[in-house]
Structures are given as structure tokens and as C-alpha cells.
Amino acid sequence: MPDTPEFHRAQCIELRQQGKLNEAMKHIKRALELRPDYPAGYYNMAAIFMSMGRADQAAVAWRKAIELKPEYYQAWSSLSAALRRLGRHQEAVDAAAKAVGFKPDDPDALLNMASSLCGVRRFDEAAVQFEQLLRLHPNHVAGHNNYGNLLADMDRPTRAAEQYKAAIALDPNMVEIVNNLGNVYKSAGQIREAIDCFREVLAKRPRSPHLHGNLLLTLNCTIQADTGLLAEHRDWATKHADPLLPAKIEFPNSRDPDRKLRIGYVSADFRRHSVAYFIEPVIRAHHRQNVEVFLYGNILQPDDITRRIAGMAKQWRSIAGVDDARVAQTIRQDQVDILVDLSGHTANNRLLLFARKPAPIQITYLGYPNTTGMKAMDYRLTDGQADPPGLTESHHTEKLLRLPQCFLCFRPADNAPPPRQLGRDDPSTIIFGSFNNFAKVSPQTLSLWANVLAAVPNSRLLLKAECLGESTVQQALRSDFAAYGVDPARIDTLGREPSFLKHLETYHRIDIGLDTFPYHGTTTTCEALWMGVPVVTLAGHAHVSRVGVSLLNAIGLPELIARHPDEFTTIAAELARDHARRRRISSVQLREQIRSSVLMDSKSFVAGLEEIYRKVWRDWCNQSAAL
């Protein structure tokens with residue numbers, strides 16, 4: 001066996017391709033012992049470090065290769081990818097620019113340049129680089145896929161879909177790209193097409209919990225959600241979660257039913273996210289003489305909200321990038337008594353952490369409007385309006401815990417502008433509106449809204465969603481309304497606003513909010529009401545289509561809840577005609593009514609929540625004592 005740098009480098013490359021990283025590292029180290037000034041040796045060492053997830057060490061090795069060979073464009077390009085992984089985005093741009101300078105037509109250099117520009121949010125420049133890459137290399141699968149990702153981030157779903165389709169045509173087995181196509185379909189409200197993509201992904205990659213979870217989340221946007229999707233959620237749990245549940249579990253927690261409880265919350269959304277509006281006031285109001293709060297944040301990019309929430313806990317732990325088994329061990333060591341999931345089947349969830357049962361009692365709450373389907377999840381927090389007794393128990397694997405009033409506790413934005421106020425004169429045109437995620441704008445929703453517009457001839461509909469910044473989506477929406485007999489000229493659309501403050505100010509343009517169905521709004525409904533806009537909702541038969549029922553009852557406006565589609569039209573039309581009533585609702589009085597309602601009474605909410613926590617803890621202590 002030869003003992004030369006070239007031989008050991010060749011062995012390294014072969015072993016790395018086989019996934020034998022430690023053996024590959026031994027060979028490349030030997031190559032560098034034989035030739036310390038070997039640029040290709042450091043290049044391959046860096047590639048192994050990247051495969052190991054050690055981007056920091058990879059960056060050091062690639063810089064060493066560049067030091068030995070400054071024109072080594074492959075090393076510059078790869079260094080850019082490592083720096084991007086480390087979050088050093090401007091350095092990544094600089095490294096990629098070096099690579100492109102040395103080799104302007106290299107596909108990897110162009111791809112890393114475009115991707116690095118995305119990291120510093122120079123989207124227009126990134127698009128130019130992607131276009132250049134695909135002109136020179138039209139069959140570059142990653143180029144089409146990453147360009148699709150950029151276009152999706154730029155709220156251009158139709159153009160993004162074109163890129164994903166081009167990538168899939170080149171490599172039909174890339175299920176991640178099919179998943180990306182499904183996500184962009186969902187964002188544009190093409191739910192049937194999204195579901196088809198996710199089912200194709202599931203057929204090709206049945207063991208991926210994340211990809212499977214995308215299907216579950218999207219199914220909540222369909223009419224099936226109004227009658228429950230238990231079988232779909234159980235299927236996910238059977239494949240991914242339930243096998244992780246230990247056969248025998250022993251907890252070190254003291255079984256004193258009256259001691260101070262340790263409550264843990266797990267979320268990817270302790271940040272500028274809708275979930276934070278509802279969980280921050282809860283964490284803040286917890287009675288520290290009764291509970292100790294532990295927060296486990298799966299936060300990839302912490303922000304000011306993250307730091308504020310983290311400061312409210314006895315213990316903050318970042319679990320981003322930490323595997324589920326290690327986090328489960330940490331939670332057991334923390335001796336958390338009740339662990340609360342705030343994500344369900346939404347992005348970056350840690351349900352497989354809960355599947356390992358790290359705490360005696362596990363509860364799902366807030367972030368997802370349906371069951372987890374898991375054996376390891378004991379309870380789901382809700383209320384008697386969102387889940388009336390006898391109506392929805394059969395939709396859940398968890399036992400339902402009903403809070404005494406509303407299951408939500410809302411904290412509006414500190415910088416929210418004043419609410420909308422109507423003048424004395426009745427406006428000549430009534431503006432209905434909805435700012436909900438466009439995935440919720442189902443065919444049933446369009447039918448509801450079209451009937452309202454037909455009942456109020458002198459009215460318009462203003463819809464705001466990120467995807468509505470693209471003309472193709474706007475045209476498709478207007479065509480949908482034309483099919484329901486509504487003049488498309490009565491439909492106004494808005495895309496993404498430049499700031500959150502501008503988003504809230506846009507509510508001043510709406511007279512009456514219309515909820516979606518079957519997937520109700522939550523944050524958008526609260527925002528509309530806070531901004532002085534009454535919202536009409538249609539009650540369904542599952543939690544996902546009863547959130548509006550809970551919210552409107554909580555603030556004292558149950559008369560805006562419809563029990564069937566015709567009543568939805570009647571309520572909206574009568575409110576449109578009754579200017580005096582709308583003036584009473586759309587005023588400062590509504591904001592004060594909300595402020596003094598149970599929806600914002602965090603002390604009362606937490607008192608009821610802690611009472612529930614205490615009850616289930618005592619039940620567990622009693623059951624444990626009986627064993």
C-alpha cells in the first residue's frame with residue numbers, strides 16, 4: 001500500500017463518500033503529515049468537517065488551503081458555504097465573490113454567491129446571480145431549487161413553482177424539492193395541489209416526520225378538518241413517535257401533590273411570531289410561589305422577543321441543534337413535572353422529544369389547532385367554546401383540559417396605532433376584509449365571502465396576504481370570485497407591508513372583518529378587533545373552526561357568530577347596513593372592552609391554568625402512589 005499524499009487523499013475521498021468520516025479523516029491527516037503544504041489536503045479535511053457538522057473547523061481548514069493557494073476558487077466557494085452555516089453572512093458574500101472572480105462560470109461559485117446574497121437579504125442581486133447560473137448551466141438542479149426558495153421568500157409563489165418544477169423534471173427523486181413545491185402551493189392557497197405534493201413526498205419518504213407533518217398541517221385547511229382528522233394524525237404518530245415511547249419510565253420527581261411545580265414550555269416560537277402574543281403574558285403572569293418556569297427554545301434566530309421571554313424563566317435553555325435524546329435527558333435532570341408543547345405539527349416542532357416522555361405529564365397547547373396523535377401526549381389545553389363537551393373529544397388522542405374561560409390570553413403589540421373610528425356619516429361603500437394566511441382561503445371561504453358581497457351590492461372586499469403581491473395570484477383570485485358571480489373589480493388586494501406598524505394601520509381601511517373557514521383566524525382576528533374592526537365568524541364542528549367562537553364570546557360579541565353559512569351572510573349584511581351599531585363597535589370602546597375582557601386578563605387566565613396544572617399533577621401523584 002503506497003504511503004503518498006495522493007494515495008491518502010484518494011482514500012479519504014472514497015471513504016467520505018461512503019460516510020466513513022473518521023476513517024477518511026485519518027487518511028487526510030496522514031496526507032498532510034507527508035505534505036504539510038498540500039492545499040488539496042486541507043480542502044478535503046474541511047469537507048470532512050462540514051460532513052461532521054463542524055462548520056467552524058471547516059472554515060479554518062479552507063482558509064489554510066487558500067493561504068497556500070490564493071487562487072483556489074473551489075476553496076473560496078466552499079468557505080462561503082461554511083461561513084453561511086455559521087451565520088457570518090457578509091463574510092460569506094466576500095468569500096463567494098472571490099470564487100466568482102477567479103472562475104466566473106463555475107456553477108458552485110455562482111450558487112454560493114447567490115445563496116450568500118440571500119443571507120444578507122440582497123434579494124435582487126441574488127436573483128441576478130441565479131439567472132446567470134441558470135443561463136450558463138440550465139440543468140443545475142440545486143440552482144433551480146434555491147432560486148425557487150428565493151422567489152418564495154420574495155412572495156412570488158408562481159415563479160417559485162416554475163423553478164421547483166424545472167428542478168423536479170431534472171431529478172424526480174428529489175423529494176425535498178417536491179416538498180418545497182407543496183409549501184409554495186399552500187402559501188398561494190392551492191391546497192389541493194399542495195396536498196398532492198405532500199402525499200407524493202410521503203410515498204417516497206415515509207420515514208420523515210417533518211415531511212409527513214407538512215401534510216397534517218395542510219389538511220387543517222380543508223373541509224375535512226371540520227369533522228376531525230384523527231386517523232391522519234394517528235398514522236403520523238404510529239410511524240414516527242409512538243415507537244420512541246419507552247416501555248417503562250421512572251421519574252425522579254418528588255411525588256408531593258402540593259409542592260411547587262416545575263412547568264416546562266417547549267417552542268420554536270419564543271420570538272417575533274404569533275405564538276408569542278399569547279404565551280408571553282402567560283409566562284409573565286405565572287405565580288412564582290406556585291410554579292418554577294423552564295423554557296426550552298428551539299430558536300434558530302433569537303430576537304428581542306426571545307431575550308425578553310427568556311428573562312422571565314427560572315431557567316432558559318436553547319435546544320436548537322441539540323438532538324431529542326439529549327434534550328430529553330436534560331428535561332429529566334431538570335425534573336420538570338409538566339412539559340407543555342407549544343408547536344404541534346408546525347415548523348421546527350420537537351414532538352419527537354415529547355415522544356420520549358421526558359416528563360411525567362405532557363400537554364399540547366396553543367400552536368396547532370388539532371391533536372398530535374401521540375400516545376406520549378397526555379392532554380390538550382382548550383376551552384368549552386372551542387371544544388364544547390361532547391363535540392370534539394373523538395377528534396383527539398389526548399384528554400381535553402378545558403380552561404374556565406377562553407383558551408387564549410392575548411397581548412397586543414405595544415406600538416399598535418389607535419383603533420379605527422367611524423365618522424358620523426355612513427360611508428357610501430362598505431369594505432369587508434381579511435388579512436389571514438392565504439392557505440386558509442378555502443373554496444368554502446370564497447363561497448361565504450361571495451354570498452356576503454352579493455347581499456351587500458355597494459361593497460368591496462380587501463384581502464391582504466404575502467402571496468397577493470404577485471399579479472398571477474391576484475388574477476387567479478379574481479377569476480375565482482368571477483366564477484361565484486362577483487365582479488372581479490370589487491376585489492382589492494395587498495401584499496406584504498414594509499413594517500408591522502403599517503400592517504396594523506391597514507386595518508383602518510376595513511369596516512367589517514370576515515373570518516376564514518374551516519381554518520379560523522387567531523392572531524388576525526385579535527388584531528382586527530384590537531384595531532376596532534368587528535369580525536364575523538362561522539362556527540364549525542372542530543377546534544380549528546371554533547377559535548373565532550371562543551374569541552368573540554371572550555370579548556362579549558357572540559352576536560357575530562354564525563351557526564350556518566346563510567346566517568354568516570345575514571350577520572355581515574345587517575352589520576353593513578347598521579352604521580350606528582358599527583360605529584359603536586368600531587371605536588375606542590371596543591379596545592377598552594377587549595382590554596377589560598377575559599381575553600386580556602392574564603392574572604385570571606393563569607390562575608385557572610395553574611389550577612388545572614395542580615389538578616393533573618395531583619392525579620398523577622395519586623396514580624403513582626397506587627402502583
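Tutor: Leucine 494 sits in strand E10, residues 491-494. Strands (E, at least two residues) and helices (H or I, at least four) are DSSP runs, numbered from the N terminus. The model is predicted: local features need pLDDT of at least 70, side-chain atom pairs count only at pLDDT 80 or more, and totals for chains, interfaces and linings use all residues. Residues are numbered from 1 along each chain as its sequence is written, and side-chain values use heavy atoms, with hydrogens and water left out.

Start with the surroundings of leucine 494. Glutamate 466 is 28 residues away along the chain, yet the two C-alpha atoms are separated by 7.8 Å. Neighbours within four places in sequence aside, leucine 494 is in contact with Leu462, Leu463, Lys464, Ala465, Leu468, Thr506 and Arg509. Contact means heavy atoms within 4.5 Å.

Next, the empty space. Rolling a probe the size of a water molecule over the atoms shows where empty space is left. The grid is 1 Å, over the protein atoms alone: a cavity is a set of points where a 1.4 Å probe fits but cannot get out, a pocket is an open set with protein on both sides within 12 Å along at least five of seven lines, and lining residues have an atom within 4 Å of a point. Points are joined across faces, edges and corners, and a volume is the space filled by probe spheres set on them.

There are 3 cavities of 30 Å³ or more. The largest cavity holds about 90 Å³. It has 13 lining residues, with Gly433, Ser434, Phe435, Thr524 and Ala528 nearest its centre. Strand E8 (430-434), strand E11 (512-514) and helix H22 (523-530) each give at least two residues to that lining. H22 has the largest share, 3 residues. By class, the lining of the largest cavity has 6 nonpolar, 6 polar and 1 charged. Nonpolar covers Ala, Val, Leu, Ile, Met, Phe, Trp, Tyr, Cys and Pro; charged covers Asp, Glu, Lys and Arg; the others, Gly among them, are polar.

The loop between E11 and H22 holds proline 518. A cis peptide bond joins phenylalanine 517 to proline 518, with omega about 10 degrees.

Now the second largest pocket. Its volume is about 700 Å³. Of its 30 lining residues, Gly189, Gln190, Ile191, Glu193 and Asp480 lie nearest the centre. Helices H10 (157-170), H11, H12, H19 (443-455) and H20 (471-483) each supply at least two lining residues. The lining of this second largest pocket splits into 17 nonpolar, 8 polar and 5 charged.

H11 (175-187) and H12 (191-204) meet at an angle of about 160 degrees, with axes 8 Å apart. Axes are lines fitted to C-alpha atoms, for helices over the stretch in contact, and angles run from 0 to 180 degrees between N-to-C directions. Residues making the contact include Val178, Leu181 and Tyr185 of H11 and Ala194, Cys197 and Phe198 of H12. The contact of H11 with H12 has 9 nonpolar, 3 polar and 4 charged residues.
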